[in-house]
Amino acid sequence: MRKIERLLKNLGAGFINKMWRFGAGARLFGLTLVSSGESFRRFRLTIREVYFTGVLSLIIILVSAFFVGMVLALQGYHTLQKYGSSEAIGVLVALALVRELGPVVTALLFAGRAGTAITAEIGLMKATEQLSAMEMMAVSPIARVIAPRFWAGVIAMPILATLFTMMGILGGYMVAVPLIGVDAGSFWSQMQANVDWEYDILNGVFKSLVFGVACTMIALFEGYDAPPTAEGVSRATTRTVVTSSLAVLALDFILTAFMLG
Amino acid sequence: MEKTTIDLWVGIFVAMGFAALLGLAMKVGNLTTTNIGETYMVTANFENIGGLKPRAPIKSAGVVVGRVEGIKLDPKTYEAVVSLNIDKRFSFPKDTFANIYTAGLLGEQYVGLEAGGDENSLKNGDKIIQTQDAVVLEKLISQFLYSKATENDDKPANTAATSTETGADALDASPLDKIGK
(Lines give C-alpha, C1' and ligand atoms only; values in the text may rest on other atoms or scores of the structure.)
Protein backbone atom coordinates (compact mmCIF):
# COMPACT_ATOMS: atom_id res chain seq x y z
CA MET A 1 0.00 0.00 0.00
CA ARG A 2 2.78 2.37 1.05
CA LYS A 3 4.69 1.48 -2.08
CA ILE A 4 1.78 2.27 -4.38
CA GLU A 5 1.21 5.53 -2.58
CA ARG A 6 4.82 6.53 -3.04
CA LEU A 7 4.78 5.48 -6.68
CA LEU A 8 1.73 7.62 -7.37
CA LYS A 9 3.28 10.53 -5.50
CA ASN A 10 6.48 10.29 -7.52
CA LEU A 11 4.52 10.03 -10.74
CA GLY A 12 2.48 13.10 -9.91
CA ALA A 13 5.54 15.05 -8.78
CA GLY A 14 7.37 14.09 -11.95
CA PHE A 15 4.46 15.18 -14.12
CA ILE A 16 4.07 18.49 -12.29
CA ASN A 17 7.79 19.08 -12.56
CA LYS A 18 7.70 18.41 -16.32
CA MET A 19 4.78 20.79 -16.77
CA TRP A 20 6.53 23.42 -14.66
CA ARG A 21 9.63 23.15 -16.81
CA PHE A 22 7.56 23.29 -19.97
CA GLY A 23 5.87 26.47 -18.79
CA ALA A 24 9.17 28.01 -17.68
CA GLY A 25 10.67 27.15 -21.08
CA ALA A 26 7.74 28.81 -22.84
CA ARG A 27 8.20 31.90 -20.65
CA LEU A 28 11.90 32.05 -21.51
CA PHE A 29 10.96 31.74 -25.20
CA GLY A 30 8.58 34.70 -24.85
CA LEU A 31 11.17 36.76 -22.97
CA THR A 32 13.77 35.95 -25.63
CA LEU A 33 11.46 37.10 -28.41
CA VAL A 34 10.59 40.31 -26.53
CA SER A 35 14.20 41.21 -25.75
CA SER A 36 15.73 40.13 -29.06
CA GLY A 37 15.93 43.70 -30.37
CA GLU A 38 19.39 43.93 -28.84
CA SER A 39 20.68 40.96 -30.81
CA PHE A 40 19.79 42.71 -34.06
CA ARG A 41 21.00 46.16 -33.05
CA ARG A 42 24.33 44.65 -32.07
CA PHE A 43 24.36 42.11 -34.87
CA ARG A 44 28.04 41.34 -34.23
CA LEU A 45 26.92 39.27 -31.20
CA THR A 46 24.62 37.14 -33.34
CA ILE A 47 27.22 36.70 -36.07
CA ARG A 48 29.70 35.43 -33.48
CA GLU A 49 27.19 32.82 -32.39
CA VAL A 50 26.36 31.86 -35.99
CA TYR A 51 30.06 31.13 -36.32
CA PHE A 52 30.08 28.87 -33.26
CA THR A 53 26.80 27.04 -33.91
CA GLY A 54 26.75 27.04 -37.71
CA VAL A 55 30.19 27.27 -39.24
CA LEU A 56 31.84 24.96 -36.73
CA SER A 57 29.09 22.35 -37.27
CA LEU A 58 29.74 22.34 -41.02
CA ILE A 59 32.27 19.50 -41.04
CA ILE A 60 30.13 16.98 -39.17
CA ILE A 61 27.02 17.96 -41.16
CA LEU A 62 28.66 17.73 -44.57
CA VAL A 63 30.55 14.50 -43.92
CA SER A 64 27.55 12.69 -42.45
CA ALA A 65 25.34 13.99 -45.27
CA PHE A 66 27.72 12.57 -47.84
CA PHE A 67 27.64 9.15 -46.20
CA VAL A 68 23.86 9.22 -45.68
CA GLY A 69 23.39 9.97 -49.36
CA MET A 70 25.76 7.19 -50.42
CA VAL A 71 24.04 4.63 -48.18
CA LEU A 72 20.62 5.71 -49.44
CA ALA A 73 21.69 5.20 -53.04
CA LEU A 74 23.23 1.79 -52.33
CA GLN A 75 20.25 0.50 -50.35
CA GLY A 76 17.73 2.01 -52.73
CA TYR A 77 19.44 0.53 -55.77
CA HIS A 78 19.30 -2.97 -54.33
CA THR A 79 15.53 -2.84 -53.92
CA LEU A 80 14.66 -0.80 -57.01
CA GLN A 81 16.73 -3.10 -59.20
CA LYS A 82 14.37 -5.98 -58.37
CA TYR A 83 11.53 -4.05 -59.96
CA GLY A 84 13.61 -3.00 -62.92
CA SER A 85 13.39 0.68 -62.11
CA SER A 86 16.88 1.55 -61.01
CA GLU A 87 16.60 4.95 -62.77
CA ALA A 88 14.23 6.01 -60.01
CA ILE A 89 17.20 6.02 -57.62
CA GLY A 90 17.59 9.78 -58.04
CA VAL A 91 13.98 10.43 -57.03
CA LEU A 92 14.32 8.15 -54.03
CA VAL A 93 17.48 9.80 -52.76
CA ALA A 94 16.26 13.34 -53.41
CA LEU A 95 12.79 12.93 -51.90
CA ALA A 96 14.06 11.10 -48.83
CA LEU A 97 16.66 13.79 -48.20
CA VAL A 98 14.59 16.84 -49.06
CA ARG A 99 11.51 15.83 -47.14
CA GLU A 100 12.76 13.92 -44.12
CA LEU A 101 16.40 13.04 -43.65
CA GLY A 102 17.81 16.48 -44.41
CA PRO A 103 15.91 18.40 -41.74
CA VAL A 104 15.67 15.57 -39.17
CA VAL A 105 19.23 14.24 -39.22
CA THR A 106 20.61 17.78 -39.32
CA ALA A 107 18.50 18.68 -36.28
CA LEU A 108 19.71 15.59 -34.39
CA LEU A 109 23.33 16.35 -35.23
CA PHE A 110 22.78 20.02 -34.43
CA ALA A 111 21.40 19.10 -31.00
CA GLY A 112 24.44 16.94 -30.34
CA ARG A 113 27.06 19.31 -31.71
CA ALA A 114 25.75 22.83 -31.06
CA GLY A 115 22.96 22.31 -28.52
CA THR A 116 25.22 20.68 -25.95
CA ALA A 117 27.81 23.43 -26.40
CA ILE A 118 25.15 26.09 -25.78
CA THR A 119 23.83 24.33 -22.68
CA ALA A 120 27.28 23.76 -21.21
CA GLU A 121 28.37 27.33 -21.92
CA ILE A 122 25.31 28.96 -20.37
CA GLY A 123 25.26 26.49 -17.49
CA LEU A 124 28.88 27.33 -16.69
CA MET A 125 28.17 31.04 -17.03
CA LYS A 126 25.47 30.57 -14.44
CA ALA A 127 27.64 28.38 -12.19
CA THR A 128 30.43 30.97 -12.21
CA GLU A 129 27.82 33.70 -11.58
CA GLN A 130 28.56 35.59 -14.78
CA LEU A 131 24.85 35.93 -15.42
CA SER A 132 24.28 37.41 -11.95
CA ALA A 133 27.17 39.77 -12.56
CA MET A 134 25.49 41.00 -15.75
CA GLU A 135 22.28 41.62 -13.86
CA MET A 136 24.22 43.60 -11.27
CA MET A 137 25.51 45.83 -14.10
CA ALA A 138 21.91 46.27 -15.34
CA VAL A 139 22.68 44.21 -18.45
CA SER A 140 19.87 41.77 -19.18
CA PRO A 141 21.44 38.31 -19.59
CA ILE A 142 18.51 37.30 -21.75
CA ALA A 143 19.14 40.11 -24.21
CA ARG A 144 22.93 39.81 -24.06
CA VAL A 145 23.46 36.02 -23.86
CA ILE A 146 20.26 34.12 -24.68
CA ALA A 147 18.76 36.06 -27.59
CA PRO A 148 21.86 36.17 -29.85
CA ARG A 149 22.32 32.42 -29.42
CA PHE A 150 18.66 31.82 -30.17
CA TRP A 151 18.69 33.80 -33.40
CA ALA A 152 22.00 32.27 -34.40
CA GLY A 153 20.47 28.81 -34.07
CA VAL A 154 17.38 29.84 -36.01
CA ILE A 155 19.54 31.27 -38.82
CA ALA A 156 22.06 28.43 -38.89
CA MET A 157 19.70 25.47 -38.82
CA PRO A 158 17.94 25.91 -42.23
CA ILE A 159 21.29 26.68 -43.88
CA LEU A 160 22.82 23.54 -42.40
CA ALA A 161 19.81 21.45 -43.42
CA THR A 162 19.92 22.77 -46.99
CA LEU A 163 23.63 22.03 -47.20
CA PHE A 164 22.98 18.57 -45.77
CA THR A 165 20.37 17.85 -48.43
CA MET A 166 22.55 19.09 -51.27
CA MET A 167 25.58 17.18 -50.00
CA GLY A 168 23.49 14.02 -49.52
CA ILE A 169 22.23 14.21 -53.09
CA LEU A 170 25.81 14.63 -54.28
CA GLY A 171 26.77 11.54 -52.25
CA GLY A 172 23.89 9.61 -53.78
CA TYR A 173 25.00 10.76 -57.24
CA MET A 174 28.55 9.62 -56.59
CA VAL A 175 27.36 6.11 -55.77
CA ALA A 176 24.56 5.81 -58.31
CA VAL A 177 26.25 7.19 -61.41
CA PRO A 178 30.01 6.48 -61.41
CA LEU A 179 29.92 3.45 -59.09
CA ILE A 180 26.76 1.56 -60.04
CA GLY A 181 26.38 2.93 -63.51
CA VAL A 182 22.89 4.43 -63.53
CA ASP A 183 22.47 6.84 -66.42
CA ALA A 184 23.28 10.37 -65.25
CA GLY A 185 20.61 11.93 -67.45
CA SER A 186 17.77 9.85 -66.09
CA PHE A 187 19.10 10.28 -62.56
CA TRP A 188 18.65 14.06 -62.75
CA SER A 189 15.62 14.22 -65.04
CA GLN A 190 13.52 11.81 -62.96
CA MET A 191 14.52 13.79 -59.90
CA GLN A 192 13.47 17.05 -61.47
CA ALA A 193 10.19 15.60 -62.64
CA ASN A 194 9.20 14.42 -59.19
CA VAL A 195 10.64 16.87 -56.67
CA ASP A 196 8.44 19.91 -56.29
CA TRP A 197 9.91 23.26 -55.34
CA GLU A 198 7.05 24.33 -53.08
CA TYR A 199 5.67 21.06 -51.74
CA ASP A 200 8.97 19.31 -51.13
CA ILE A 201 11.85 21.77 -50.91
CA LEU A 202 10.20 24.73 -49.20
CA ASN A 203 8.36 22.43 -46.79
CA GLY A 204 11.70 20.82 -45.92
CA VAL A 205 13.24 24.23 -45.25
CA PHE A 206 10.24 25.17 -43.11
CA LYS A 207 10.66 21.97 -41.13
CA SER A 208 14.31 22.74 -40.46
CA LEU A 209 13.34 26.24 -39.32
CA VAL A 210 10.91 24.80 -36.76
CA PHE A 211 13.53 22.28 -35.62
CA GLY A 212 16.03 25.12 -35.29
CA VAL A 213 13.70 27.04 -32.98
CA ALA A 214 12.95 23.91 -30.92
CA CYS A 215 16.54 22.64 -30.59
CA THR A 216 18.05 26.02 -29.77
CA MET A 217 15.33 26.92 -27.31
CA ILE A 218 15.64 23.59 -25.48
CA ALA A 219 19.42 23.95 -25.27
CA LEU A 220 19.13 27.52 -23.99
CA PHE A 221 16.50 26.66 -21.41
CA GLU A 222 18.38 23.65 -20.09
CA GLY A 223 21.50 25.79 -19.69
CA TYR A 224 19.64 28.69 -18.11
CA ASP A 225 17.82 26.34 -15.74
CA ALA A 226 20.80 24.13 -14.84
CA PRO A 227 21.72 23.83 -11.16
CA PRO A 228 24.97 25.80 -10.73
CA THR A 229 27.09 22.77 -9.98
CA ALA A 230 29.37 20.58 -12.08
CA GLU A 231 26.89 17.73 -11.84
CA GLY A 232 23.96 19.99 -12.64
CA VAL A 233 25.60 21.26 -15.83
CA SER A 234 26.50 17.76 -16.97
CA ARG A 235 22.94 16.54 -16.39
CA ALA A 236 21.51 19.54 -18.19
CA THR A 237 23.74 18.78 -21.18
CA THR A 238 22.46 15.21 -21.32
CA ARG A 239 18.86 16.39 -21.01
CA THR A 240 19.42 18.78 -23.91
CA VAL A 241 20.28 15.95 -26.28
CA VAL A 242 17.47 13.67 -25.07
CA THR A 243 14.75 16.34 -25.07
CA SER A 244 15.84 17.88 -28.38
CA SER A 245 15.90 14.51 -30.15
CA LEU A 246 12.47 13.55 -28.87
CA ALA A 247 11.07 16.99 -29.66
CA VAL A 248 12.49 16.88 -33.20
CA LEU A 249 11.04 13.44 -33.94
CA ALA A 250 7.63 14.28 -32.46
CA LEU A 251 7.50 17.66 -34.25
CA ASP A 252 8.54 15.93 -37.46
CA PHE A 253 5.52 13.66 -37.27
CA ILE A 254 3.15 16.55 -36.60
CA LEU A 255 4.61 18.72 -39.38
CA THR A 256 4.58 15.86 -41.89
CA ALA A 257 0.96 15.07 -41.05
CA PHE A 258 0.06 18.72 -41.67
CA MET A 259 2.05 18.98 -44.89
CA LEU A 260 0.78 15.79 -46.47
CA GLY A 261 -2.78 16.30 -45.22
CA MET B 1 33.66 48.79 -38.63
CA GLU B 2 36.51 46.36 -38.31
CA LYS B 3 36.36 43.13 -40.22
CA THR B 4 37.15 39.88 -38.45
CA THR B 5 37.75 36.37 -39.70
CA ILE B 6 34.53 35.29 -38.00
CA ASP B 7 32.59 37.68 -40.23
CA LEU B 8 34.25 36.18 -43.27
CA TRP B 9 33.42 32.63 -42.23
CA VAL B 10 29.81 33.48 -41.43
CA GLY B 11 29.56 35.24 -44.79
CA ILE B 12 30.89 32.15 -46.57
CA PHE B 13 28.52 29.97 -44.54
CA VAL B 14 25.43 32.00 -45.46
CA ALA B 15 26.50 32.22 -49.11
CA MET B 16 26.93 28.43 -49.18
CA GLY B 17 23.43 28.07 -47.76
CA PHE B 18 21.96 30.22 -50.51
CA ALA B 19 23.99 28.40 -53.14
CA ALA B 20 22.69 25.06 -51.87
CA LEU B 21 19.09 26.33 -51.94
CA LEU B 22 19.64 27.59 -55.48
CA GLY B 23 21.12 24.22 -56.40
CA LEU B 24 18.10 22.44 -54.96
CA ALA B 25 15.77 24.72 -56.87
CA MET B 26 17.55 24.45 -60.20
CA LYS B 27 19.08 21.01 -60.27
CA VAL B 28 16.84 18.93 -58.01
CA GLY B 29 13.44 20.60 -58.04
CA ASN B 30 11.06 21.38 -60.86
CA LEU B 31 11.25 25.14 -60.57
CA THR B 32 12.83 25.47 -64.00
CA THR B 33 11.12 22.66 -65.86
CA THR B 34 7.52 23.48 -65.05
CA ASN B 35 7.79 27.21 -64.93
CA ILE B 36 4.35 27.91 -66.31
CA GLY B 37 3.95 31.63 -66.78
CA GLU B 38 0.53 33.04 -67.43
CA THR B 39 -2.24 30.53 -67.66
CA TYR B 40 -5.88 30.33 -68.59
CA MET B 41 -8.42 28.10 -66.93
CA VAL B 42 -10.89 25.82 -68.63
CA THR B 43 -13.12 23.17 -67.10
CA ALA B 44 -14.05 19.70 -68.25
CA ASN B 45 -16.71 17.34 -66.91
CA PHE B 46 -15.93 13.67 -66.49
CA GLU B 47 -18.20 10.88 -65.34
CA ASN B 48 -15.29 9.17 -63.67
CA ILE B 49 -11.85 10.61 -63.09
CA GLY B 50 -10.29 7.46 -61.65
CA GLY B 51 -7.25 8.44 -59.61
CA LEU B 52 -6.67 11.90 -61.07
CA LYS B 53 -5.34 14.33 -58.47
CA PRO B 54 -4.91 18.10 -58.31
CA ARG B 55 -1.53 19.25 -59.75
CA ALA B 56 -1.48 16.31 -62.16
CA PRO B 57 0.08 17.29 -65.50
CA ILE B 58 -1.90 18.17 -68.60
CA LYS B 59 -0.20 16.90 -71.73
CA SER B 60 -0.75 17.44 -75.39
CA ALA B 61 1.18 15.10 -77.67
CA GLY B 62 3.17 14.15 -74.58
CA VAL B 63 4.33 17.70 -73.84
CA VAL B 64 3.32 19.19 -70.50
CA VAL B 65 1.16 22.25 -71.18
CA GLY B 66 -0.43 22.80 -67.78
CA ARG B 67 -1.58 21.44 -64.45
CA VAL B 68 -4.88 20.28 -62.98
CA GLU B 69 -5.96 23.09 -60.69
CA GLY B 70 -8.81 21.47 -58.81
CA ILE B 71 -11.43 18.74 -58.84
CA LYS B 72 -15.00 19.17 -57.64
CA LEU B 73 -18.20 17.14 -57.77
CA ASP B 74 -21.17 18.74 -59.48
CA PRO B 75 -23.99 18.19 -56.97
CA LYS B 76 -26.68 18.19 -59.71
CA THR B 77 -25.25 15.93 -62.40
CA TYR B 78 -22.91 13.96 -60.15
CA GLU B 79 -20.10 14.52 -62.59
CA ALA B 80 -16.55 15.46 -61.66
CA VAL B 81 -15.70 19.02 -62.68
CA VAL B 82 -11.96 19.26 -63.35
CA SER B 83 -10.47 22.73 -63.75
CA LEU B 84 -7.43 22.80 -65.99
CA ASN B 85 -4.74 25.48 -65.90
CA ILE B 86 -3.18 25.71 -69.34
CA ASP B 87 -0.17 27.78 -70.37
CA LYS B 88 -1.16 30.94 -72.29
CA ARG B 89 1.35 30.13 -75.02
CA PHE B 90 -0.74 27.17 -76.16
CA SER B 91 -4.24 27.79 -77.44
CA PHE B 92 -6.46 24.84 -78.21
CA PRO B 93 -9.49 24.66 -80.55
CA LYS B 94 -12.95 24.73 -79.01
CA ASP B 95 -13.64 21.08 -79.90
CA THR B 96 -10.53 19.76 -78.16
CA PHE B 97 -10.91 16.30 -76.73
CA ALA B 98 -9.92 15.75 -73.07
CA ASN B 99 -8.96 12.23 -71.99
CA ILE B 100 -7.69 10.85 -68.73
CA TYR B 101 -4.73 8.59 -69.35
CA THR B 102 -2.42 6.62 -67.12
CA ALA B 103 1.33 6.98 -67.50
CA GLY B 104 2.59 3.43 -67.82
CA LEU B 105 0.70 0.54 -66.32
CA LEU B 106 0.70 1.72 -62.73
CA GLY B 107 1.85 5.31 -63.11
CA GLU B 108 0.09 8.50 -62.20
CA GLN B 109 -2.89 9.72 -64.17
CA TYR B 110 -2.83 12.79 -66.34
CA VAL B 111 -5.12 14.71 -68.65
CA GLY B 112 -4.36 14.34 -72.34
CA LEU B 113 -5.62 16.98 -74.75
CA GLU B 114 -6.21 16.16 -78.40
CA ALA B 115 -6.71 19.23 -80.52
CA GLY B 116 -9.77 19.32 -82.74
CA GLY B 117 -10.35 21.28 -85.90
CA ASP B 118 -12.45 24.22 -84.74
CA GLU B 119 -11.24 27.67 -85.76
CA ASN B 120 -12.24 29.29 -82.46
CA SER B 121 -9.93 28.54 -79.58
CA LEU B 122 -10.65 27.93 -75.91
CA LYS B 123 -10.70 30.98 -73.69
CA ASN B 124 -10.51 31.50 -69.95
CA GLY B 125 -13.60 30.02 -68.28
CA ASP B 126 -14.61 27.85 -71.25
CA LYS B 127 -15.71 24.27 -70.91
CA ILE B 128 -14.37 21.29 -72.84
CA ILE B 129 -17.40 19.31 -73.96
CA GLN B 130 -15.85 16.19 -75.41
CA THR B 131 -14.28 14.14 -72.66
CA GLN B 132 -13.39 10.56 -72.08
CA ASP B 133 -13.31 9.02 -68.62
CA ALA B 134 -10.46 7.31 -66.94
CA VAL B 135 -10.17 3.61 -67.54
CA VAL B 136 -10.97 1.89 -64.27
CA LEU B 137 -9.27 -1.48 -64.13
CA GLU B 138 -12.06 -3.16 -62.14
CA LYS B 139 -14.64 -2.07 -64.69
CA LEU B 140 -12.49 -3.36 -67.50
CA ILE B 141 -12.08 -6.73 -65.81
CA SER B 142 -15.78 -7.07 -65.02
CA GLN B 143 -16.62 -6.21 -68.64
CA PHE B 144 -14.20 -8.84 -69.81
CA LEU B 145 -15.66 -11.44 -67.45
CA TYR B 146 -19.18 -10.50 -68.51
CA SER B 147 -18.37 -10.93 -72.18
CA LYS B 148 -16.69 -14.27 -71.42
CA ALA B 149 -19.76 -15.39 -69.50
CA THR B 150 -22.13 -14.45 -72.32
CA GLU B 151 -19.90 -16.36 -74.75
CA ASN B 152 -20.27 -19.44 -72.57
CA ASP B 153 -24.02 -18.90 -72.35
CA ASP B 154 -24.22 -18.74 -76.12
CA LYS B 155 -22.43 -22.04 -76.60
CA PRO B 156 -24.81 -24.23 -74.57
CA ALA B 157 -27.73 -22.57 -76.26
CA ASN B 158 -26.30 -23.47 -79.66
CA THR B 159 -25.57 -27.04 -78.73
CA ALA B 160 -29.03 -27.35 -77.24
CA ALA B 161 -30.49 -26.06 -80.46
CA THR B 162 -28.57 -28.60 -82.46
CA SER B 163 -29.50 -31.40 -80.12
CA THR B 164 -33.21 -30.60 -80.45
CA GLU B 165 -32.74 -30.92 -84.16
CA THR B 166 -30.98 -34.23 -83.89
CA GLY B 167 -32.82 -36.22 -81.28
CA ALA B 168 -35.43 -36.97 -78.71
CA ASP B 169 -33.21 -36.69 -75.64
CA ALA B 170 -33.19 -32.92 -76.03
CA LEU B 171 -35.56 -32.45 -73.11
CA ASP B 172 -33.20 -34.26 -70.74
CA ALA B 173 -30.32 -32.02 -71.71
CA SER B 174 -31.03 -29.31 -69.20
CA PRO B 175 -28.62 -26.39 -68.87
CA LEU B 176 -27.45 -27.78 -65.51
CA ASP B 177 -26.01 -30.79 -67.28
CA LYS B 178 -24.15 -28.58 -69.67
CA ILE B 179 -22.53 -26.72 -66.80
CA GLY B 180 -21.64 -30.04 -65.25
CA LYS B 181 -19.82 -31.04 -68.41
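How many residues does the contact take from chain B and from chain A? It takes 19 from chain B and 24 from chain A, where two residues are in contact if their C-beta atoms, placed from the backbone, lie within 7 Å. The model is predicted: local features need pLDDT of at least 70, side-chain atom pairs count only at pLDDT 80 or more, and totals for chains, interfaces and linings use all residues. Residues are numbered from 1 along each chain as its sequence is written, while chains are lettered from A and ligands numbered from 1 in the order in which they are written.

- The side of chain B that touches chain A has twelve nonpolar, five polar and two charged residues (nonpolar: Ala, Val, Leu, Ile, Met, Phe, Trp, Tyr, Cys and Pro; charged: Asp, Glu, Lys and Arg; polar: the others, Gly among them).

**Chain A overall**
- Chain A has ten helices and zero strands (DSSP runs numbered from the N terminus: helices are H or I, at least four residues; strands are E, at least two).
- The C-alpha trace of chain A spans about 65 × 60 × 35 Å along its principal axes.
- Of the 261 residues in chain A, 44% are buried (20 or more other C-beta atoms within 10 Å of the residue's own, with C-beta atoms placed from the backbone).

**Helices α9 and α10 of chain A**
- The axes of α9(A), residues 197-225, and α10(A), residues 230-260, come within 9 Å and cross at roughly 155° (axes are lines fitted to C-alpha atoms, for helices over the stretch in contact; angles run from 0 to 180 degrees between N-to-C directions).
- The two helices, α9(A) and α10(A), are therefore roughly antiparallel to each other (an angle over 145 degrees).
- Residues making the contact include F211(A) of α9(A) and L251(A) of α10(A).

How values were computed
Angles under 35 degrees count as roughly parallel, over 145 as roughly antiparallel, 65 to 115 as roughly perpendicular and the rest as oblique. A residue is buried if 20 or more other C-beta atoms lie within 10 Å of its own, exposed if 12 or fewer, and partly exposed in between; C-beta atoms are placed from the backbone.
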